Amino acid sequence: MTQAAAVDLAKYIRAGDTITFGQADALPRTLLRLLAEQRSQIGRTRLFLGIGQGLQDILRPEYAADFDYVSYCASGTNRALAKAGVLDILPESYSSLPQLLGAGPLRADVVFLRVSPPDEQGRYSLGMAREYVLAPLRAARAIIAEVSPSTPWTYGGPYLLESDFALLIDTDSDDPGADAAAPGPIETAIGRNVASVVPDGATLQTGIGSIPDAVLAALGNHRDLGLHSGSLGEGIVTLAESGALTNARKGIDAGLTVGGVLMGGPRLRRFAHRNAQLELRGTEYTHDARLLAGLNRFTAINSAIEVDLTGQINTEMAGGGYIGAIGGVNDFLRGAQASQDGTPIVALPSMAREQSRIVAALSGPATVPRSCSCVIVTEHGVADLRGLTLSQRVDKMIGIAHPGQRDALENAFSAMPAQGWKKR
């Protein structure tokens with residue numbers, strides 16, 4: 001094992017290389033700090049970023065002279081890169097990332113990992129994430145990893161031996177972070193409303209943030225729920241402790257919680273460590289359309305920046321800036337539509353500061369078209385748009401908007417020319 005101070009990354013990385021790595025709590029920050037410090041000696045490289053977390057002092061906007069920053073999202077600390085105009089967004093669905101990074105135009109030459117210490121058989125676990133890293137892991141010229149004692153040993157493979165790495169370094173500098181804060185009153189109300197449309201025996205997918213944790217906290221009285229998700233947050237611990245999470249009726253992977261990446265603090269890490277009932281898999285698996293359609297009562301629960309009165313959904317832009325992602329929202333919502341008795345849900349607060357998030361017209365792209373009919377949930381109620389005409393959708397959507405915004409939405413709609421809906 002090599003000490004970080006003794007590492008010369010130029011021995012492993014060439015100018016023009018594409019480098020990718022895990023995201024959020026799986027970020028290899030020690031390696032990224034070394035890369036930033038040695039960037040001028042290495043030459044210009046392309047970095048494919050996932051969700052940025054704690055990178056504001058490591059991957060700075062001014063380093064764009066040496067790094068081409070590419071990402072599927074502008075989440076977390078990526079937002080500063082986007083605001084500075086140095087982040088190039090890849091407008092692709094999450095399910096396409098393995099092919100693009102493994103063999104396509106974004107093929108990764110080098111993969112950075114943050115791995116757990118080895119088990120008794122000398123196997124290093126990929127720890128907090130598998131997801132889109134697996135495809136480039138098979139194709140990369142060099143695999144470089146930092147070994148973190150705070151990283152849980154998780155199941156799902158692949159497990160790597162010391163001989164699989166071009167370089168292994170020690171790290172103890174990464175703070176595992178704090179446990180998630182309790183959901184606020186708005187998130188709690190949204191969680192209750194979502195729980196009201198989730199049946200027993202459903203297989204759940206949840207997005208990231210406080211709303212998914214609030215939803216899972218509200219499902220404690222349900223029975224035989226399962227989990228198959230791209231991301232798994234701390235809410236899964238609460239759900240498991242309530243007895244509601246059994247994974248018994250999933251239809252696929254019975255008895256197993258399946259995810260792509262863990263996002264959370266010490267509580268989640270303790271839960272995940274050597275937990276044989278939890279497996280992390282690649283995006284090729286977690287986002288596979290046929291598999292999602294085969295899950296029992298697959299219920300996809302995602303969020304959005306705004307939803308218009310006809311059911312178009314924007315998950316990407318606000319105020320003229322890119323702050324979100326396409327991500328896996330279309331993969332999962334369509335999977336829920338294809339699943340027998342599945343439910344595609346989009347949950348969001350009715351307001352963002354002084355702005356309504358239920359809008360007459362989107363301010364950004366329609367990431368999800370209105371043809372992908374969803375159940376829209378706010379703290380004020382549930383609007384099931386499936387099978388409704390445009391004019392019926394307008395009534396439902398105004399009904400779940402903030403009460404102080406409903407007249408303005410009604411007036412804005414009335415002023416719009418008829419475009420396929422029956423005017424009042």
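**Exercise 1. Find the residues with the most contacts inside the largest nonpolar core, and work out where that core lies.**

Step 1: A nonpolar core is a set of buried Ala, Val, Leu, Ile, Met, Phe, Trp, Tyr and Cys residues joined through side-chain atoms within 4.5 Å. Buried means under 20% relative accessible area, exposed means over 50%, and partly exposed is in between (1.4 Å probe, protein chains only).

Step 2: The largest such core holds 62 residues, and Phe 48, Tyr 72, Leu 113, Val 194, Leu 204, Leu 219 and Leu 239 have the most contacts inside it. Domain 1 (4–170) and domain 2 (185–415) both supply residues, so this core lies between them. Those domain bounds come from an automatic or database domain assignment.

Step 3: There's a second, separate core too, with 33 residues, including Leu 9, Ile 19, Ile 58 and Val 110.

Before you go on: this is a predicted model, where local features need pLDDT of at least 70 and side-chain atom pairs count only at pLDDT 80 or more, while totals for chains, interfaces and linings use all residues. Residues are numbered from 1 along each chain as its sequence is written, and side-chain values use heavy atoms, with hydrogens and water left out.

**Exercise 2. Zoom in on Leu 239 and name what it touches.**

Step 1: Contact means heavy atoms within 4.5 Å. Not counting residues up to four places away in sequence, Leu 239 touches Leu 204, Leu 216, Leu 219, Leu 225, Leu 227, Ala 244 and Leu 245.

Step 2: Now look at helix α8 (residues 235–242), whose buried residues are Gly 235, Ile 236, Val 237 and Leu 239. Helices (H or I, at least four residues) and strands (E, at least two) are DSSP runs, numbered from the N terminus.

Step 3: Among the elements that the buried residues of α8 pack against are β8 (203–206), α7 (210–217) and α9 (266–272). Just after α8, Gly 243 takes a positive phi of about 90 degrees.

**Exercise 3. Describe the contact between the two domains.**

Step 1: Across the boundary, 37 residues of domain 1 are in contact with 28 residues of domain 2.

Step 2: The area buried between them is about 2,600 Å², and carbon and sulfur atoms give 57% of that. Buried area is the accessible area (1.4 Å probe) that two parts lose on being put together, summed over both.

Step 3: Tyr 94, Met 128 and Tyr 155 lose the most area on the domain 1 side, together 23% of what that side buries.

Step 4: Three salt bridges are counted between the domains. A salt bridge is a side-chain nitrogen of Lys or Arg within 4 Å of a carboxyl oxygen of Asp or Glu.
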